[in-house]
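Please open the model in a viewer and keep the selection tool at hand.

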Amino acid sequence: MIIRENLSQKNMEAWFSKISAPDSFLKKRGVLTLLNPNYKKCNFEKKELTLAFKVMDWELNPEGGLHGGMIVSGFDITFGLLCHYFSQPNMVCTVNLSTTFIQPVLPGDTVEYHARIISQGKNIVAMTGEARLIRGNILAATASTTFMILNKTLEISNESESLLI
């Protein structure tokens with residue numbers, strides 16, 4: 001079990017590097033296998049995380065832009081991982097997620113999702129985020145969310161796949 005006093009910038013960087021590695025169990029199942037987020041940076045003091053997602057053809061809507069649901073998924077993943085780091089070893093879940101779409105995201109774009117914890121209580125975490133295109137640092141979308149910290153820990157059968165550092 002992780003103790004909050006052990007959390008630090010160094011620990012946070014190691015944790016996100018571990019779970020973002022190609023052989024991480026998180027990238028071997030579910031939506032992360034398909035979306036393949038890449039860890040960019042984090043800031044322990046500011047409680048911030050940045051992940052990057054490369055737009056893939058299967059994610060496009062009929063008009064040829066990134067499907068809005070994929071943008072929301074990028075936010076949800078980034079928020080969820082940030083929230084989980086600061087809530088270890090508890091599981092977390094999305095309570096609500098509000099997204100505002102500002103600019104279209106095109107095939108071949110890379111989107112960086114910047115998430116920040118605004119407030120964290122015993123059970124509820126509030127966060128805000130921005131999705132920016134690498135191309136020109138264009139603001140494509142913003143989001144705000146509330147997550148709940150569950151009274152449950154993630155059951156992992158293989159110790160090498162543990163999310164704890």
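Is valine 95 buried, partly exposed or exposed? In this predicted model, valine 95 counts as partly exposed because its relative accessibility is 48%, which lies between the limits of 20% for buried and 50% for exposed. The residue belongs to strand β3.

Next, display the largest pocket, with a volume of about 460 Å³. Its lining comprises 18 residues, and Leu26, Leu32, Gly80, Leu81 and Val92 are the closest to the pocket centre. Colouring by element shows that α2 (31–35), α3 (68–87) and β3 (90–101) each contribute at least two lining residues. The largest share, five residues, is supplied by α3. By class, the lining consists of 12 nonpolar, four polar and two charged residues.

The peptide bond joining glutamine 88 to proline 89 is cis, its omega being near 0 degrees. Most peptide bonds are trans, and most residues other than glycine have a negative phi.

Two backbone positions remain. Select asparagine 36, in the loop between α2 and β1 (38–43); its phi is positive, near 50 degrees. Asparagine 36 is partly exposed, since its relative accessibility is 36%. Finally, select lysine 47, located in the loop between β1 and β2 (48–54). Lysine 47, also not a glycine, has a positive phi of about 55 degrees, and with a relative accessible area of 27% it is partly exposed.

Notes. Residues are numbered from 1 along each chain as its sequence is written. This is a predicted model: local features need pLDDT of at least 70, side-chain atom pairs count only at pLDDT 80 or more; totals for chains, interfaces and linings use all residues. Side-chain values use heavy atoms; hydrogens and water are left out. On a 1 Å grid over the protein atoms alone, a cavity is a set of points where a 1.4 Å probe fits but cannot get out, and a pocket is an open set with protein on both sides within 12 Å along at least five of seven lines; lining residues have an atom within 4 Å of a point. Grid points are joined across faces, edges and corners, and a volume is the space filled by probe spheres set on the points. Helices (H or I, at least four residues) and strands (E, at least two) are DSSP runs, numbered from the N terminus. Ala, Val, Leu, Ile, Met, Phe, Trp, Tyr, Cys and Pro count as nonpolar, Asp, Glu, Lys and Arg as charged, and the others, Gly among them, as polar. Buried means under 20% relative accessible area, exposed over 50%, partly exposed in between (1.4 Å probe, protein chains only).
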